[in-house]
Amino acid sequence: MKKTNSTQLRGKVEVEIGGVKYCGIIDLKPVNEKAKRGEYPVWGVRIDRVNAHPETAVEYIGDAEGYTPANGKDAGSWADNPIFAKIKPCIMKDGEVVAYLNPDNFNLLADGQPAALRGYFDTMIEFGKMFYRISKDEHYTYVEVTDSEKSLADGFTDYAFSYKGKVRDKFYIGAYLGHIDREGKLRSVVGQIPDGDKTLGAFRAAAQKNGDGYEILPFNKLTLLQVLYLIRYKSLDSQTALGKGLTDSAEYGRTGDTDGKGLYYGEQDAETRVKCHGIEDFFGNKLQWVDGFITNNKIAISDGNFNDKGEGYRTVADLPKSIYGIMTDIYGDNLLGFVPKEADDDADPGKEYFCNYASTWTDSTVFLPCFGGGRGYGSTAGAFFFYCFSASRAHASIGARLVFCGKEERR
């Protein structure tokens, strides 16, 4: 085979089809890189499920090939990426954005003016429309994200933006763990110790007192948060990649401690809070109830009309056995994302596979999940901590996070 010019090769090719041999001279041209990857950019990772090392098991694919992963507050190659530009801090009231905040300092508005009345407004993080795809083959799990709607034809999903069956353009996650005010409303406000000692149902009711579209953290939105963490940091060990968070402390932390730390922050001591996608205590400080997901002898999910029994939920998987321990494998599809499929109670937390503790229980009782881990959870806490409790569970270590999913349309 010889080179005919800078972009073309010419050579003799022989093939055998149905026992008959064919040969000929053909010209070979290099595949356009953009065409090979598709008509739109896709950033992703693939996880080698055989490799137990939480960092080397993950490699960049697609348009993320060659990227430097983020580490703590260092953005690596992601500083100007259009996906992460869709994440914006703001203050809200009654489901409306009042003003956007400076992403480097939440005490300031986007224009640099002081942000007044922050105890009156909820501090939230806006997520603009994006699409993800989680899939598996025999060896790898693939996690990808794009901002192109064309991707829906290729197996990507906008399920994270769905609420009560309708896909919205944006949703808003509380920047802080929730505090219940004098009116009984769950709030995302600065300067408060997050509330605990309430069931998921009690926190749900407190969130819904804010009006249409307000909930606590839904499972479908948590999946996108985990997708974005994993692609940005390229590690299953979130405590090493982002920071340990408040995971070994005698006291709970007050909200707003990371206001001047940007959108991403963490240190390698277990008494410094982490911040991811603008969300303080992404893990650590207190566990967070997650709505729209139940287990008994099956797994069922919903994007709205949440309740403790899973009534009206969509059954998406059988659960033939209980799973508990350090998570070693996930369901790895668009609906169940990072739900534990396998776990090892003897694995070393913080050092193997997904590093964090996880459980789903097969039982006649309905179980509901918590995310993240709390102030005393050590290395079992992190971006993939997912532990299920009964609906009657209430403990000081379990809080909730306010979310605005979108108002219902009135006819």
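Where in the structure is the place of Asp269? In this predicted model, Asp269 sits in the loop between helix H4 (238–241) and strand E18 (275–276). The negative surface patch to which Asp269 belongs is formed together with Asp248, Glu251, Glu267 and Glu271.

From this surface patch we can turn to the aromatic side chains. A search of the whole structure finds 29 aromatic pairs. One of them is formed by Tyr229 and Tyr233, whose rings are stacked, at 5.3 Å centre to centre and with 15° between the planes. Both residues belong to helix H3 (residues 219–233), and because they are four residues apart there, about one helical turn separates them. Tyr229 is buried, with a relative accessible area of 0%, and Tyr233 is likewise buried, at 2%.

Tyr229 also forms an aromatic pair with Phe384, and here the arrangement is edge-to-face, with 5.9 Å centre to centre and 70° between the planes. Since Tyr229 lies in helix H3 while Phe384 lies in the loop between strand E27 (367–371) and strand E28 (386–390), this pair ties together parts that are 155 residues apart in sequence. Phe384, like Tyr229, is buried.

Methods: Residues numbered from 1 in each chain as written. Predicted model: local features only at pLDDT ≥ 70, side-chain atom pairs only at ≥ 80, totals over all residues. Heavy atoms only, no water. Patch = residues over 30% accessible without salt bridge, like charges linked within 9 Å, V, L, I, M, F, W, Y side chains within 5 Å. Areas by Shrake-Rupley, 256 points an atom, 1.4 Å probe, with all protein chains shown as cover. Salt bridge = Lys/Arg side-chain N within 4 Å of Asp/Glu carboxyl O. Lys, Arg positive; Asp, Glu negative; His and termini not counted. Charge placed at Lys NZ, Arg CZ, Asp CG, Glu CD. Helix = DSSP H or I, 4+ residues; strand = E, 2+ residues; numbered from the N terminus. Phe/Tyr/Trp six-rings, centres within 6.5 Å; stacked < 30°, edge-to-face > 60°. Buried < 20%, exposed > 50% of the residue type's maximum accessible area, 1.4 Å probe, protein only.
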